[in-house]
Amino acid sequence: MKKTLLALSTLALALVPLAVPQQALAAEPRNVVYLVNGNLGDKSFFDSAKAGLDQLEADGRITLNTVEMGGTDADQPKWLSTLYEVADSGEYDLIVCGTFQMPDYLKEVAEAYPDQKFLIFDDDTYAGEDANVANIVFRQNDLGYIIGTLAGCMTLDTNVERINEDKVIGFVGGYDSPVINDFMTGYITGAQAVDPDIKVDVRYTSDYVDTAKAKEYGNSMINDSKCDIIWGVAGNAGNGAAEAVLETGGGWFIGVDSDQELTFSDDLAAITLTSGLKNVGNSLIWFMDQWDAGEELFGKRTSLGIVEGGVGIVTDKNYDTITSDETKAAVDAAIEAVSSGEIVVPSAFDEGGNEAAQKLRDSVRP
Amino acid sequence: MNIFTTDFFFSIIRIATPILLATLAAVIGEKGGVSNIGLEGIMMMSALFGSLGAYWTGSWLLGLVIAMVVGLIEALLMGFFAFKLQTDIILVGTAVNMIGSGGTIFLVKTISNTVMGQSLTSTTSLITKAHQIPSISIPYVRDIPVVGKVISGHSLLTYIAFLLVIFTIILLYKTPLGLNIRSVGENPNAAASVGVSVSRIRYITIGIGGVLAGLGGAYMSMYYAMGWSLDMVAGRGFIALAAQSMGGGEPVGSMLAALVFGFAQALGIKVSATGVDSNLVAPIPYIVTIISLVLFALNQRRKERKRFAAAA
């Protein structure tokens, strides 16, 4: 009897995951076009979004068309015309694009085609202004808190190679802007929660492409401020900070957006502790789940944190082998606390949040 | 915090090197009457092929040679359009700069897709330390207190760059070719009337510039940063044009101007540690450019006045 019951319940459990895709299959797959305002192969945002959409297509939930529009200055005029073209065709149930470079173009087209649905990820410039646009953003302050906790634990753990006595960690940002300061304010808050004596050296490259300049900043942070952990949040330029770490032997680098250990050559991967992830792909799948379930996210800003899988941290490879069990436990506890809402991390997007972040930054300068 | 440490002065030279290489290209170009504003684009293309070349051949030296050859080819192509087809050289230069941005990303994706089966948008994942141009620690010099720490331990290309300043002086002022370059620059008709092939000299002038800018590009991707990434030259080719102008078009003056830029940026990096607003730090090199150009112009005017007064 018991055995039969067990068998039955196992069967029932096994059927559950089967039932969901069947339901999804029953509905007509949505026509989606993904406009890349850059190039695929960035091993970051664009690839991540593509992976999520590919997954949805493989599951038969969408049909996907991807357009690479190119990312240089010369390509920019194409972005608006491509948006107009796909919106005008009326073929698509959803037009997906992303990044801070798109909102102005998107707003113009979204207002010209009010019946067309759009999704923009990682930008909320005009969130809520158009009823047909969904803005998906990531709680990078939550991500910053987790990375800050890790960095704080690491700089105290002098048993780890190349970690010095000084309680100083570093942050290389792109611009002194809300989106970068959102990462930063979480990072500082997390590190200070570990030990209030920890100082944070924050520099901005004012540039996302000049790797060499970021390297100079990295050198200065290591030589002048004695940083032993540097988080690079400056696009391609951030890699310069990793090169500074490698060349000076000054500790560890932490990557951003995607798993940078995988994108670096062996030398740079060896000094990269982990990366803070923005999982654009996961968030698009999550969005589609919500949409299928009948929840309309258009016309508003939706911010995704750890719970929704929107942000996360790489926990295998170097992280696994280098960090101590205490550090791992502290990071896990931080993830738990942020997920449960026990800790609310300040955000640079809050009212007056950017000014507060700047003040916080100035108060923890080494 | 003490700003003026040995590594501060070391960083001035490191920052100035790529600017210096491109500046020498601009100096020789202007002497020969060839205004090459495409240096930025040439540097980008050479930066890409230098690092790809080093990866393919497994040798930084061959990568460096490839960067120089690519610089030369691009410059000669510019020459073909400007001298043979009579296109405005400024427009050709602008085109080269655009190719340096959009063309490089196109090429790196196409090449990596056909050769490696995956399209890359930078070469960072390919390059290890073995592909990079080595630093040279100079025996004896490195043991000199203070000075040794500043001038020893730089990239091989840095020493080559400063030797090239001497080379440029000798080329321009001590060789028949240099005389021809200068005379074509001053007055092409007069040069032609005494049997100098103006077009040949112009090709040589722009070609030398291409090789020098190629070295500058190689420095960016093969020493300064590990591998090529989009737009990594970030205006250094344009700053070189300003440095040429600031230096009065002479090799030594232009070298000093390049060092002034190195100083300005190194200062900005150090100042940022003290918490000065990054929006104030970022424009320092450009502010220095404007101030220097004004000072240079004032100085020129004073000299002109003096000469005028003496003549009168």
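**Exercise 1.** Is Gln244(B) buried or exposed?

*Solution.* The model is a predicted one, in which local features need pLDDT of at least 70, side-chain atom pairs count only at pLDDT 80 or more, and totals for chains, interfaces and linings use all residues. Residues are numbered from 1 along each chain as its sequence is written, chains are lettered from A and ligands numbered from 1 in the order in which they are written, and side-chain values use heavy atoms, with hydrogens and water left out.

Step 1. Locate the residue: Gln244(B) belongs to helix α10 (residues 236-246) of chain B. Helices (H or I, at least four residues) and strands (E, at least two) are DSSP runs, numbered from the N terminus.

Step 2. Apply the cut-offs: buried means under 20% relative accessible area, exposed over 50%, and partly exposed in between (1.4 Å probe, protein chains only). Gln244(B) has a relative accessible area of 11%, so Gln244(B) is buried.

Step 3. List the surroundings, where contact means heavy atoms within 4.5 Å. Neighbours within four places in sequence aside, Gln244(B) is in contact with Thr23(B), Ala26(B), Val27(B), Glu30(B), Gly249(B) and Ser254(B).

**Exercise 2.** Describe the position and contacts of Val233(B).

*Solution.* Step 1. Val233(B) is placed in the loop between α9 (198-224) and α10 of chain B.

Step 1. Its relative accessibility is 0%, so Val233(B) counts as buried.

Step 2. Not counting residues up to four places away in sequence, Val233(B) touches Glu40(B), Met43(B), Met44(B) and Met220(B).

**Exercise 3.** Which domains does the assignment give for chain A, and what links them?

*Solution.* Step 1. Domain bounds come from an automatic or database domain assignment. For chain A this assignment gives domain 1 (2-138 + 280-304) and domain 2 (140-278 + 310-363).

Step 1. The C-alpha centres of domain 1 and domain 2 of chain A are 29 Å apart, and 10 residues of domain 1 are in contact with 8 residues of domain 2.

Step 2. Buried area is the accessible area (1.4 Å probe) that two parts lose on being put together, summed over both. The two domains of chain A bury about 830 Å² between them, with 57% of it on carbon and sulfur atoms. On the side of domain 1, Lys43(A), Phe45(A) and Phe138(A) lose the most area to domain 2, together 52% of what that side buries.

Step 3. A salt bridge is a side-chain nitrogen of Lys or Arg within 4 Å of a carboxyl oxygen of Asp or Glu. The count between the domains of chain A is 1 salt bridge. Asp122(A) and Lys278(A) meet in a salt bridge through their side chains (2.8 Å, N to O).

**Exercise 4.** How many residues of chain A are in contact with chain B, and which element supplies the largest share?

*Solution.* Step 1. In chain A, 34 residues are in contact with 43 residues of chain B. The two chains bury about 3000 Å² between them, 51% of it on carbon and sulfur atoms.

Step 1. The rule finds 4 salt bridges across the interface of chain A and chain B. Asp210(A) forms a salt bridge with Arg236(B), where the closest N and O atoms are 3.1 Å apart.

Step 2. On the side of chain A that touches chain B, β7 (199-204), α7 (211-225), α8 (239-248) and α10 (266-270) of chain A each supply at least two residues. The largest share, 9 residues, comes from α7(A).

**Exercise 5.** Why does the salt bridge of Arg61(A) and Asp292(A) tie together parts 231 residues apart in sequence?

*Solution.* Step 1. Arg61(A) and Asp292(A) form a salt bridge, with the closest N and O atoms 2.8 Å apart.

Step 1. Arg61(A) lies in the loop between α2 and β2 (62-68) of chain A and Asp292(A) in helix α11 (residues 280-292) of chain A, so the pair joins parts that are 231 residues apart in sequence.

Step 2. Arg61(A) is buried at a relative accessible area of 15%, whereas Asp292(A) is partly exposed at 40%.

**Exercise 6.** Where do the partners Lys270(B) and Asp7(B) lie?

*Solution.* Step 1. The side chains of Lys270(B) and Asp7(B) meet in a salt bridge (3.2 Å, N to O).

Step 1. Lys270(B) lies in helix α11 (residues 251-272) of chain B and Asp7(B) in helix α1 (residues 6-31) of chain B, so the pair ties together parts that are 263 residues apart in sequence.

Step 2. Lys270(B) is buried, with a relative accessible area of 4%, and Asp7(B) is partly exposed, with 31%.
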